[in-house]
Each structure stands twice: as C-alpha cells, then as structure tokens.
Amino acid sequence: MSEFFQLIVSGLSTGSIYALAAVGFTLLWQASQTINFAQGEFVMLPAFLVLALSVKLGFPLWLAMPLAIILAVLILGVLFKRLVVEPMIKHGTLPLVIATIALGVLLKEMVKEFYSPLGQPFPSLFPQDVVTIFGAVISIPDIANFVIAMGAIVALQLFLGGTRTGRSMQATAQNPDVAQILGVDIKRMVLYTFMINGALAAIASILITPIYLAKFSNGETLGLIAFIAAIVGGFNQIRGALVGGLLIGIIDNLSATYVSAEYRQALPLILLIVIILIRPQGLLGTSEGRTV
Amino acid sequence: MLELKDIYGGYGKITILNGTSFKIPRASITTVIGPNGAGKSTVFKAIFGLLNIHSGQILLEGTDVTGRTPKQMIDAGVTYVPQGRNVVPQLSVYHNLELGGITARDQRKLRDRIEQVMDQFPMLREFRNRKAVELSGGQQKQLEVARALLLDPKLMLVDEPSIGLSPNLVKDVFRTLQDLRDQGVTILMVEQNAKSALAVSDYGLVLELGQARMHDEAAKLLADPRVGHLFLGGHIDEEETA
C-alpha cells in the first residue's frame, strides 16, 4: 500500500511537469491554431541554456536559471512566433505543423552539434532527501516539482481569469473576430500566449532535466507525451491538458513497476488509442469547443 | 454625421464596393437594404476599418477616418455589432460586458457604466455570472447591443440584429435602437427583414452592386413599388437617387 502511494506521488510529480508542456501546447493551439510538434524540444532546450550560462559562461545557478527562462521566453516565444509561425500560418495549418517538426529536428541537431551528443549532469534545485508520510517514502524533489509545476498552472489560470489582459487573451482564443471589433489588441495577446508557452517550457525543463540527464534527444518522448496529454484532456482547455498530464505521469509510474519497464513508453500511446476510440472529444473536452 | 464619398473596396482583389456614396444625419436610424451580395455588411466593415479601401473617403463628423483601425474607430466613438453570435462563449456575461470597454482609459468609470447598462437590461444583471454561451440567442444579442453601448458611442453599426430572433425579441431590439436614437445616438443598420426595419427607421438606403441606388425617408421607400420590385430580383435602371 505504501509503495502504491509512493508511486502515485512520484507519478503526480512527473505528471505535473508533463502538464506544463501540455498546457502550453493547448494554449498555442487555442490562440493561433499552432500545433507545435517542436514542443518536446522546447522543453529540452532551456536546460542547455542553463548549462551554457552556468558551466560555459560561469554564471551562478541562481542567476543562470532565471536568465534561461527569460531567454526561453524570447527565443521560444517571440522569435518562434516571428520567424516560424507568422510566415507559415499564412499558408495554412499543415505547412506550419511541418515547419514545427523541422524546427524540432533543427533544435535537437544544433544541441547535439554545438553542445554535446552526450548526456550532461544537470543540477537539482532541491536536496535529494526523503520524508516519510504514512509509511510512504517520498522524495523532496518530487514534492517540490509538484508544488512548483502546479503553482505555475494555478498562477496561469488566475492570470487568465482574474485580469483584464488574461480575459482579453481568452477572448482572442475563443472568438478572435469579436475580440478585434471590441478593440482588443489581438496580435499582442497572441504574442503573450507564445511568451507564456516559452516560460512554461523553461520551467518544465528545469524541473524535469535533473531526473534524467540533459540530452539533445530528451524532447522526443516529452513532445509526444505533451501531445498525448493535450489530446487526452480534450485539446481545447487548460484543465484538460492538466488532467491529461497528471494521468500519464501516474500511469507511466505504475506501469513501470507493476507491468514492465519495457512497455512503459507504449502506455501513453495505448491510452491515446483508448481515449480516441471511446471519447474522441477527450476527457474534459466538448465535442466542438470552438464557435465560429 | 457620417459620410461616405465614392468608396471602392473589397476583400483581396475582389471589389465589392463600387463607388458607394451616402450621408446620414445625427440621431437617426438608417436601414440599409438590398439583395444578397449587394455589399451591405461590407459597407460596415469598410467604415469600421476591417476592409481594404482602394479609394474614396469616409468622414465622421467632418473628420477623415478612412483606413483607421477598429481600435481607432472605437476611440472615435463608433461601435459595431456584427451579424450572428458575437459573444466570448466561456467568459461570464459581466466579463463580456467589460470587454466592450477594454479600450476605456478610466476603468472606475467603466464599472459604473456597466452598472448603468445592466439597469437598462435587467436580464444581464440577473445572469451576470453565467457564461455567455449559456444565454439564449435573443439574450446574447441583447448582451451584444449592451456591450456596444458601454462606451457611449456616437454611431452604432448594427448588422442584421433580427437574425435568429423571435418576432417579439426583434421588436424589443428595434425598440432599444429607437430609444438610443432618442438619446442622440446615430444608428446605421442592415436588415434582411426590410419591411419591419424600415418601419422603425427614419431613413432607408437601397444598396445594389456596391452602390447606393436610392436614399430617402423610410416611409417613402416603404411605399415605393420599385423597392418591392428590387427584392423580387429586378434592377433599378430608371433615374438614380443618391
């Protein structure tokens, strides 16, 4: 029983990090019909920004991490929108999707070429201690990751619902024509969305990389999981992406212990197939969320 | 109040407005009628800065506002209620109203103004915390009209307010527009439902192939056999009145 509890907690922990990537994925889709297949690489890259700043340039870690988040907001947010999305979206969703796939490959190969093809150790923000709760041994990084990732998502929700800018962003996502005739600066709202995605990816990167090593190929699984989590949750809402992320985290952890570590990577895909078969609109999705 | 001078414009390379010219006076209701594809909605988009205008001039109270953005038109005192459903579905009624004043500088004044508008439309106060998508079609249209009033516009562009509404609700919407006119607001409206719209209007404007073919007092247009003829598919090839 205590082992089960342990697995659930650590599943929620990784799941909440998956959710960060999935929420960003969903936001981009809502705001600009961008299906970002480079999302996994967006989570891979900021860890290398941290390493470049701290190991190569000698910045202390406490400075390197916030700087990396700011750089991610600029590169993965602003530059991504300006250089990839804006020129491609004119030609339709599919060319843009293909461009994001290409971008993913480019980022991966660049890190491999210019940083290192080998896994790099990545510092953890938290002591590797454990605490015992109800007989279950829970690691402090697990708790901290969960708190930070959930905190970021809750803060995002509060921003979107509780501020005028947030509500203008929602209006832009739900009905851009109306937002425009009311005088909302929709271009700026879409830009904010891209910047938020950059920040979410960077936070996810800093939290998840200590669990593995920083490696150019880290995005392959992460991107797939973010995509699946977003679809499982319903693709058009933040809560759905959150539930999808947490669910995959838990299933991932339980299956590695109770089923087989070999099938671990297949399970999110099986979950995707099952959900698409029995509930194509996703767990929390409505059959057609967008109004015209 | 508003004057269009020889406007040519359209979407991309397609020209819809072929020299549209007309003038409407302050504190009046003018209904634009005409066959499908005549460019009725396009005129509104041209005025509100949502269209490529190739040539011509739009004057608002004597000021040239040609080619301004929607935001600039709002700042100049124009609001636009487009055809169809135009609410933000997942936001509350209150927050939808608030978006109508997103461009306002004084947010405290805006909150008072929202209260006033909710006094005018008690239904909105009752449902203020509901999501807009949960309102009926008629209620959503009221929300849209109320939202367009928040900034005390001088000119309202209202496109097909009666679509999808029951006859009673159409009457309500028309009565609201007449009240606004009495308060000094100028209203330019497009209506498919030409007869009942002209009945509540001061002036009527017949648009055909992107040109204003007739422009007269609403009552005179209602009595004009050529107007009926036009809606049966004919053309006006006698004298042109502008």
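Is helix 6 of chain B largely enclosed by the rest of the structure or left open, and why? The model you are looking at is predicted, and in it 12 of the 13 residues of this helix are buried, so helix 6 of chain B is largely enclosed by the rest of the structure. You can find the helix at residues 137-149 of chain B. From its first C-alpha to its last it reaches 19 Å, close to the 18 Å expected for its 13 residues at 1.5 Å a residue. The buried residues include B:Leu143, B:Val145 and B:Leu149, and charged ones such as B:Lys141, B:Glu144 and B:Arg147 are on the list too.

Now turn to the place where chain B touches chain A. The size of an interface is often given as the accessible area lost when the parts come together. For chain B and chain A that area is about 1700 Å², with carbon and sulfur atoms giving 61% of it. Chain B brings 24 residues to the contact and chain A brings 15.

Look next for the charged link across this interface. The rule finds 1 salt bridge between the two chains: the side chains of A:Arg167 and B:Glu98 meet at 2.7 Å, N to O. There are also 6 residue pairs in polar contact between chain B and chain A. On the chain B side, the elements that give two or more residues are helix 2 (70-75), helix 3 (93-99) and helix 4 (107-120). The residues on that side divide into 13 nonpolar, 7 polar and 4 charged.

How values were computed:
Residues numbered from 1 in each chain as written. Chains lettered and ligands numbered in written order. Predicted model: local features only at pLDDT ≥ 70, side-chain atom pairs only at ≥ 80, totals over all residues. Heavy atoms only, no water. Helix = DSSP H or I, 4+ residues; strand = E, 2+ residues; numbered from the N terminus. Expected span 1.5 Å × (residues − 1). Buried < 20%, exposed > 50% of the residue type's maximum accessible area, 1.4 Å probe, protein only. Contact = heavy atoms within 4.5 Å. Buried area = accessible area lost by both parts, 1.4 Å probe. Salt bridge = Lys/Arg side-chain N within 4 Å of Asp/Glu carboxyl O. Polar contact = N/O pair within 3.5 Å; in protein donor to acceptor, adjacent residues only side chain to side chain.
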